[in-house]
Amino acid sequence: MTSRKYLVAASALALSAVVAGPVVADEWPERPVTMVIGFAPGGSTDIQGRVLANVMEDYLGQPVNVVNEPGAGSAVAFTNLANAEPDGYRFLFGGTTALTFTPIITDVEYEIDDFEYLAALALGQNALVTSAEQPFETFDEIIEYGRENPMTYAQQTALDQAIIERVAEAEGLDLAIVPTGGGGGMAPLVLGQEVDFAYSGGTHAQYTPTGEMVIAAFLSAERSPFYPDVPTLMELGYDYSIEDWRAIIVPQGVPEDVKDRLMEAAEFASQDERFIETTEGNTFFPVVYYDQEQMEDNVRRVRAATEEVMAD
Amino acid sequence: MDFSIVGSAIGETLQFDALFGIAGGVFLGYIIGVIPGLSRSVAIAIAIPMTFYMSPLIAISFLIGLSKGTAAGSAVSAILLNAPGEASSAATSLDGYPMAKSGKPRTALQVGLLASVIGDILATTILIFVAIPFARVALLFGPYEMAAILAFALVFIAGLSGGDIFKGLAAGALGVLLGTIGLDNQTGLPRLTFGYTQLMDGMPLIAVAIGTLALSEMFVQSEKLRYERETMAVKLENHKGDRITFPILRKIFPTILRGTGVGTFVGALPGLGPSVGSWMSYGMAKRASRTPEQFGKGAPEGVAASESADNAVIPAALIPLFGLGIPGNVSAALLIGAFAIHGITVGPLLLRDEPELLYSIFAGMIVASIFMLILGWFGLMVFAQITRVPPHVVIPIVIFFCLAGMLLQGYGAFGLIILIAFAALGYLMKKYDYSFVTFLVAFIITPMLELNLRQSIILSRGNWEVLLGRPIALFFIACTLLAFIILAKRTIERKKPIAEIGD
């Protein structure tokens with residue numbers, strides 16, 4: 001290190017010690033941290049991420065700036081993150097399907113092992129939904145109806161389509177599957193009864209309270225605490241699920257002490273009322289805290305399972 | 001209508017930051033409108049990146065205020081310079097400039113302003129009372145109806161914007177091609193991305209819009225600089241007697257009402273821009289006048305007719321936008337992009353899901369009209385000065401905003417390269433008379449058209465008879481065929497284009 005560089009570093013350190021106040025001088029972070037959101041502003045990931053940034057900011061003693069890098073269901077953000085400096089100053093908050101699913105069907109420039117999964121803070125809420133005005137309500141009723149009548153289904157990803165195709169084949173349904181381009185396109189099709197049932201990644205939270213949309217089954221591994229009476233597809237006897245976590249993800253190679261700080265901040269956030277209120281109250285995602293060990297396993301387990309479903 | 005929601009929506013609009021956003025939009029729009037050569041869509045294209053850090057309400061109010069401001073501002077240069085700030089005010093200069101030369105510049109400006117504001121407020125009111133029931137009906141529109149309407153809009157725009165429907169279709173086809181880039185929305189497989197992750201969500205709208213609309217226009221303008229001599233603006237001085245009087249107001253009032261009607265009608269149809277509205281209104285005013293020989297020599301009715309229609313188009317173009325999510329023109333298409341950036345899907349569900357936001361936007365539009373009146377009335381002198389800013393100052397500033405806006409999008413150097421490529425494309429299209437408007441609208445509606453068409457085909461299982469139970473879809477399919485045949489015939493007969501669309 002040249003003397004000038006040393007001077008700059010030293011003064012930056014001194015400055016941070018003054019600014020950060022209660023935080024010990026040599027503790028990470030020494031400057032503002034960037035949280036990347038792989039979706040456009042306004043979606044559920046963005047809403048949760050912005051509150052999380054505020055909470056983590058209180059814990060870390062440095063500003064946590066939110067940057068939206070939308071594109072290809074977060075694949076753009078993950079590509080950029082894989083190439084980022086592994087110093088912890090840039091981390092991502094978001095779902096894991098861009099890792100457990102996207103690389104299987106698309107040629108992306110990153111892989112699961114390019115990242116570390118420090119903590120999960122919320123559980124994904126993938127579900128199968130239908131309109132309250134349809135002659136069926138539960139998943140069993142849908143199947144029963146489908147044995148007699150041709151049916152239509154609105155998909156959002158190749159993964160949920162693959163699962164429904166398997167189920168339809170097993171049950172002998174005559175099913176036409178249409179794309180929707182996302183939750184915003186799904187809702188009018190379901191509510192206008194243009195399709196019989198559909199996949200929902202979380203959009204249903206807007207329409208179930210009014211009773212217009214009903215959830216037939218959850219695609220997650222466990223039932224949702226917000227809809228305790230709705231079974232999962234697994235419970236109904238189909239061996240498929242779409243598991244997804246909202247997690248804090250960093251590029252491989254971040255120093256241990258920095259990772260520890262981020263994990264502490266995440267655990268702190270998982271108990272913070274502001275984060276819980278927004279995540280559970282506004283977006284209907286249950287807040288959890290899964291540590292790195294669990295998450296590394298989870299991501300790899302779901303990836304293997306997804307590869308099996310998609311292998312055709 | 002739930003009045004508690006309306007009440008809180010109005011309350012939200014009257015917050016200081018919302019008011020500030022609207023006023024800022026109107027003010028900026030006014031300035032851009034006054035500068036010759038900078039049009040409404042240029043203004044919106046440049047301004048969308050500025051709204052990234054605003055709340056959705058402020059962002060949308062800001063953009064709508066901006067488009068209203070440009071419509072009013074363009075009258076200033078039309079009247080004082082005989083160089084309309086944009087094509088839709090060209091009809092204004094026919095009578096506005098003679099009025100200004102004969103020593104009545106202030107009267108002309110005030111007539112233009114009042115016509116703009118009244119046309120604007122009336123059309124906004126119509127929007128509010130039409131869009132709300134319309135959105136309820138529009139819920140019945142399924143993929144069949146949407147696909148048919150989008151196809152109709154595409155053919156209509158292709159035929160009207162350039163005059164030559166085959167050139168129009170060529171431009172449209174290029175837009176369709178570029179609109180299919182990105183991940184296929186059913187299989188998730190990439191199309192035409194050439195391995196670039198950045199293209200997986202398609203060509204970035206901001207790059208395409210800023211490139212073909214704003215940056216390429218700067219190339220065109222700089223080229224013009226070499227040939228054009230300077231035009232002198234009519235000076236605005238304090239003459240006694242040069243102000244709007246009650247008899248003049250009474251004389252122009254029926255014209256304003258007619259202009260508003262024409263503008264609203266034209267604006268609500270997809271594909272017809274404000275230029276069609278203002279020319280049509282001007283023609284009708286002339287025909288209805290008892291002294292048609294005065295037109296073109298400084299008749300205040302001429303200014304009033306053109307300006308009221310020009311401004312009425314803007315709120316009216318939002319009727320199909322808020323009702324169906326279909327853009328009526330480029331500015332409305334850019335607004336869809338702006339909504340998307342703020343995580344809002346425009347369409348019939350907007351009224352149901354976010355009524356407060358929609359009512360706030362409506363309230364914001366009325367507030368914007370009032371700001372327009374205040375700014376225009378008291379700021380006439382200041383805005384008149386802006387007509388004197390030379391293009392060699394304006395052009396570099398606009399180019400800076402184009403590049404900076406693109407960088408804000410977060411695409412980095414890749415985004416800049418795409419931006420410049422589209423600027424070159426836009427320049428060539430303008431040069432060889434291929435409609436960039438058709439290109440851009442086609443680019444924006446292609447993903448929607450593709451999705452709805454695909455849904456229709458899959459849901460009907462390829463059975464044409466489904467359409468017999470869908471009279472609205474059938475009607476629009478018939479209209480599409482009819483429009484294509486009529487427009488093609490017109491082109492083959494080498495007739496003059498119906499109208500130039502500048503928006």
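Which residues in H9(B) meet which residues in H20(B)? I started my notes there.

**Ground rules.** I'm working with a predicted model, where local features need pLDDT of at least 70, side-chain atom pairs count only at pLDDT 80 or more, and totals for chains, interfaces and linings use all residues. Residues are numbered from 1 along each chain as its sequence is written, while chains are lettered from A and ligands numbered from 1 in the order in which they are written.

**H9 and H20.** I looked up the contact (C-beta atoms, placed from the backbone, within 7 Å) and found B:Leu205, B:Val208, B:Ala209 and B:Thr212 of H9(B) meeting B:Phe436, B:Phe439, B:Leu440, B:Phe443 and B:Ile444 of H20(B). Helices here are DSSP runs of H or I, at least four residues, numbered from the N terminus. H9 covers residues 205-225 of chain B and H20 covers residues 436-459 of chain B; their axes come within 11 Å and cross at roughly 175°. The axes are lines fitted to C-alpha atoms over the stretch in contact, with angles from 0 to 180 degrees between N-to-C directions. That makes H9(B) roughly antiparallel to H20(B) (angles over 145 degrees).

**B:Gly211.** I then picked out B:Gly211, which sits in helix H9 of chain B. Is B:Gly211 buried or exposed? B:Gly211 is buried, with 27 other C-beta atoms within 10 Å; the cut-offs are 20 or more for buried and 12 or fewer for exposed, with C-beta atoms placed from the backbone. Leaving out residues up to four places away in sequence, B:Gly211 touches B:Ser216, B:Leu419, B:Phe422, B:Ala423 and B:Gly426. I also checked B:Gln294: it is 83 residues from B:Gly211 in sequence and 42 Å away in space, C-alpha to C-alpha.

**H18 and H19.** I noted B:Leu403, B:Met406 and B:Leu407 of H18(B) meeting B:Gly415, B:Leu416 and B:Leu419 of H19(B).

**H4 and H12.** My last pair was H4 (residues 56-81) and H12 (residues 300-316) of chain B, with axes that come within 9 Å and cross at roughly 165°. H4(B) and H12(B) are therefore roughly antiparallel to each other. I found the contact made by B:Ser67, B:Lys68, B:Ala71, B:Ala72 and B:Ala75 of H4(B) with B:Glu307, B:Asp310, B:Asn311 and B:Ile314 of H12(B).

Technical notes. Helix = DSSP H or I, 4+ residues; strand = E, 2+ residues; numbered from the N terminus. Parallel < 35°, antiparallel > 145°, perpendicular 65-115°, else oblique. Contact = placed C-beta atoms within 7 Å.
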